[in-house]
Amino acid sequence: AQAPWRTLRPLNGRELRPGDRVLLRAGTAYQGPLYLTGSGRADSPIFVGAYGDGPKPAIHGDGRSQAAVHLRNVRHFVLDGLEVTHNGATRVPHRRGVLVDIEDFGPAPGVVLRNLHVHDVNGSLVKDEGGGAGIHIHNGGDVVPSRFEGLLIEGCRVERTDRSGITTSGYSRRDRWHPNLRVVVRGNTLEDIGGDGIVVTCSDGVLVEHNTLRGGRTRCDDYAAGMWPWSCDNALFQFNEVSGMVGVKDGQAYDSDFNCRNIVFQYNYSHDNDGGFMLVCDKGETPMPGNIGNHNTIVRYNLSINDGSLTHDKHGAVIHIGGPVQNAHFYNNTIYLDRSHDALIHLGYWGGWSVGTRFTNNLFVAKGRLRYDPGSSRDTLFHNNLFCGDCHCAPLDAAAITADPGLEGFAGALSPQLDDFRLRPDSPCIGRGVVIPDAGVRDLWGHPLSKHGPIDIGCHQRGRDDNNRPS
């Protein structure tokens, strides 16, 4: 601190060692990229961050490099508390604010990106060209299989980045799948993202939680959604909020995409997304080893308010099942629309039709028309759902309830406030749900679930212990 370097030049290309600390003074700014490599140890990680009081030190990429901050072949490495921009004169593919990549490197445990402010990154808006991202993680290599283990991206703010916000890439084919393990993306805020928000790929054991996305697909013209996995197994998305997805290519808040197994979306909140609340899809014309399918997606205890386009088109459906998806289960979700909507649930063709989709204990409310479009899907089952609205082509549900659901704010003008969607004590939804094994331990508000019932319809449970007493 008494004789600091004035530029990033002495750092660039430097191989750091266990325990090394690179500290940039708060309030300073640096032009041009930062490129680092090196490995710490679990008990002595490398740390790159800030010192002193004031604004985050800023690294402004020159627009000519691939990334403003590039970490190459690192392990036990922490990047913390920096501001990063990377805005070139023109858009180019693969431009990233922060890039962490490993190749022919083996395992890379202990990589942490925390408390970063990444903004104004103008990569390509076309995904097939390579796009661009605020933060991108990549693992690869043909000689030494390489992957991240315990990667953490936490507490970052990502704004005005194109094409996407936070993304990963790696080994996607199932004949040479070498997934990242235990990836966690937590507590990040994303705003005004040109395309996709958070996309985690090529990983096993993913946790994406407590993230907020406001405004996605704001500039791109190809397909994009808010938060989603691809080529993943055992991914959990929970306690997230997505709003303001633009357009109907895809434009959903959440997506369980193809080449995925055992994906759970629970306790999430979405509102005012043009493409709807949820997409579950499988690209049927892509066989193994490029695509293992989409198997066993669970969507439970989520709240969707005013999602879906008013274009009266399948692409603006609140829930869209596309392709030969197998055994998706939607239960105890609350879907509310303060307007007519011609496509509440659409099951469509994408190289095949879905099989074994189930809808149980869900609460569907619209102040107007609702439509169900099953296409040629097979074995789609509805049981114990409540429908409130003018239902056209209603699904066959022998135990359906058609009544005012008795929501706290239903009688008046509803704003997107969570407490408006709790059940009143006189709600017909109370105790009318069926018990679902392994359904989790709580509802969206944190009320405990009884293992043996009774169960309420929708994402709000009024709270009972196993002796059926209010809690």
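Predicted model: local features only at pLDDT ≥ 70, side-chain atom pairs only at ≥ 80, totals over all residues.
## Largest pocket

By class, the residues lining the largest pocket comprise 14 nonpolar, 19 polar and 13 charged.

## Second largest pocket

The second largest pocket has a volume of about 430 Å³, and 19 residues line it, with Pro4, Trp5, Leu23, Leu24 and Tyr51 lying nearest its centre. When these lining residues are divided by class, twelve are nonpolar, two are polar and five are charged.

Strand 1 (14–16) and strand 2 (21–25) each provide at least two residues of the lining of the second largest pocket, and strand 2 gives the most, namely five residues. Leu23 and Leu24, which are among the residues nearest the centre of the second largest pocket, lie within the range 21–25 of strand 2.

## Parallel strand pairing

Strand 8, formed by residues 77–80, runs parallel to strand 12, formed by residues 111–114, and four bridges join the two. Within this pairing, Leu79 has Leu113 of strand 12 as its bridge partner.

Strand 12 also pairs with strand 16 (residues 152–154), again in the parallel sense, and this pairing extends over three bridges. Here Leu113 stands opposite Ile153 in strand 16, so that Leu113 is a partner both of Leu79 and of Ile153.

Gly433 is found in the segment after strand 40 (386–392). Is this residue buried or exposed? With a relative accessible area of 16%, Gly433 is classed as buried, because the cut-off for that class is a value under 20%.

Leaving aside residues up to four places away in sequence, Gly433 touches Asn361, Asn384, Ile455, Asp456 and Ile457. One of these contacts, Asn361, is 72 residues from Gly433 in sequence, while the C-alpha to C-alpha separation of Gly433 and Asn361 in space is 5.3 Å.

Conventions:
Residues numbered from 1 in each chain as written. Heavy atoms only, no water. Nonpolar A, V, L, I, M, F, W, Y, C, P; charged D, E, K, R; others polar. 1 Å grid on protein atoms, 1.4 Å probe; cavity = no way out; pocket = protein on both sides within 12 Å on 5 of 7 lines; lining within 4 Å. Points joined across faces, edges and corners; volume = space filled by probe spheres on them. Buried < 20%, exposed > 50% of the residue type's maximum accessible area, 1.4 Å probe, protein only. Contact = heavy atoms within 4.5 Å. Pairing = 2+ DSSP bridges.
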